[in-house]
Amino acid sequence: MKIEKNPKPQDWEALCRRPSAIQPHVEEVVRIILQSVKEEGDLGLFRFIAQFETQHPKSLFVKHEEVLAADAMLDNKLKASIEVAFKNISMFHKAQKTSEIVVETMPGVVCSRKSIPIERVGLYIPGGTAPLFSTLLMLGIPARMAGCSELVLCTPGDKDGNIHPAILYAASLVQVQSIFRCGGAQAIAAMAYGTESIAPVNKIFGPGNQYVTAAKRQVSAEGVAIDMPAGPSEVLVIADQHANPAFVAADLLSQAEHGADSQVILVTTSDELAENVGKELEIQMGKLPRKDIASKALENSLTIVVDNLKLAMQFSNLYAPEHLIINTIDANEWAGEVKNAGSVFLGPYAAESVGDYASGTNHTLPTAGFAKAYSGVSLDSFVKKVTFQFLTLEGLQEIGPHVINMAEAEGLQAHAEAIKVRLG
C-alpha cells in the first residue's frame, strides 16, 4: 500500500477517488444484453446464460425438491451458524418496524402515514467465486418482515446448473417463493422487464460484478427501482498508536479479498503503526486462498498518516466509506463525529466481518461515496411510505380559504375551484 504522510487538505479529494468501477466496453455489452432480453425474452436469456455462465439449464426454475435436498448437503456446523445469523438479523430488523403515524393538524383535518410493502422484489445473489448466501439473509429477512408478497431470487448455477446448497438453504429460511438459475446482467434484465419464465419485479436488490452493477444502473435510468447505486467493496480504518497492527491488517484484507477493484484505506496518527500494518499485510496475505485478488486490491489502496484523530475523522467524512472501522482507545467518543459512512465498527474487537455475517446489521451498503446521501438496506427499503388525509366538512371550512388563497396566488385556479365547489 502506498503511504501518504500529512497530505494537505486541498489534496484530499484526489486521494478519495475510487478505482474506475465500470469500463466503457462493459456498458455497451450490458446495453446489448438488456435490449436482447427485453425483446426476445427467454430466448435471449438462455443465449446469454450459455455464453457467460457456461451452463445449459433445461429449466430456469429451481424445483422445491432441490431446495429440500440442500439441507442434507450442508455441514451441520454451517447450518447452525447460518441460523444464528438469521436470528440476529431478524431481531435487529424487527426493531425497525414503525407504527402508523396519525396527526390531526387542524380540527377536522387528519393526516396519517403508514408503510405498505413492495409487492414483488427481486433478489440477485452472486454464486461464482463467492456464493454470497449471507447476502440472501440480509435481503430476504427484511423483505419478508416488511410483508412483501413475493420474493424472486436469481442466482447463477455451476456448469451443471446446480445452485450452491448454502444459497438454497438460506432461501428456504427466508421463504423465497421463486428461485431461478440465472446470473449476470441477463438476470437483472429478466427481473426488470420480465420474460416467459420470470415475471418482472417492482424493485431489484443485490450486489454483483461490474456487469451486474452496470445493468442495475441502466435499468434504473429507465424507471426500474433498485436498492442503491453500488460499486466495489471498500473499508476505511482509523487507528491510533494503541491499535493492534494484526487486527488492522486483517480488517483491510477482509475487504481486499472481495475483488481486485476493492479499495482499502488506513488513516492513522502513528508512523510506527503504519509500518507494522504493512508488515502484517505481507504475512497475512500469504496465507489467503484469494491472495492474488487481495494483492491487486492493495495496489489501489493507501495508508494516510495524519497529525491527529480530528483530521482522520474529517478525511473519513469526505471519503464516505462503505465500512468505517474506528480502532482507537476512545472509539465510542469519536463515533459522534461520523457524518458519512455506510456502517461503523467501534473498538478493537468490532471486526468488519461480524457485520458482514451475523451481528444483525445489514451488509448491503452504499459504496463509492454514496454514503453521503444514501443509507444501507433496511426494513424501509422494502416498503413505500404512503400518506393519507381525511377531512370533515368543518375541517374543509377551516382550511379551505387558505388553500384557495395559495392556489390563486400561484395561478392554479382549478385547484381553488376544487375547494370552492365543496364549500358551495
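**Helix packing and burial**

Modeller: Helix α2 passes helix α8 in a right-handed crossing (the near helix is turned clockwise from the far one by less than a right angle). Helices here are DSSP runs of H or I with at least four residues, and strands are runs of E with at least two, numbered from the N terminus. This is a predicted model: local features need pLDDT of at least 70, side-chain atom pairs count only at pLDDT 80 or more, and totals for chains, interfaces and linings use all residues. Residues are numbered from 1 along each chain as its sequence is written, and side-chain values use heavy atoms, with hydrogens and water left out.

Biologist: At what angle do α2 and α8 pack?

Modeller: Two packed helices are described by the angle between their axes and the distance between the axes. For α2 (residues 24-40) and α8 (residues 184-193) the angle is about 40 degrees and the axes are 9 Å apart. Axes are lines fitted to C-alpha atoms over the stretch in contact, and angles run from 0 to 180 degrees between N-to-C directions. The pair is therefore oblique (under 35 degrees is roughly parallel, over 145 roughly antiparallel, 65 to 115 roughly perpendicular, the rest oblique).

Biologist: Is Gln263 buried or exposed?

Modeller: Gln263, in strand β10, has 3% relative accessibility and so counts as buried (under 20% relative accessible area, with exposed over 50% and partly exposed in between, for a 1.4 Å probe and protein chains only). Tyr319, one of the buried residues of helix α13 (residues 309-319), has its side chain joined to that of Gln263 by a polar contact of 2.6 Å (a pair of N or O atoms within 3.5 Å; within protein, one must be able to donate a hydrogen and the other to accept it, and residues adjacent in sequence count only if both atoms are side-chain atoms).
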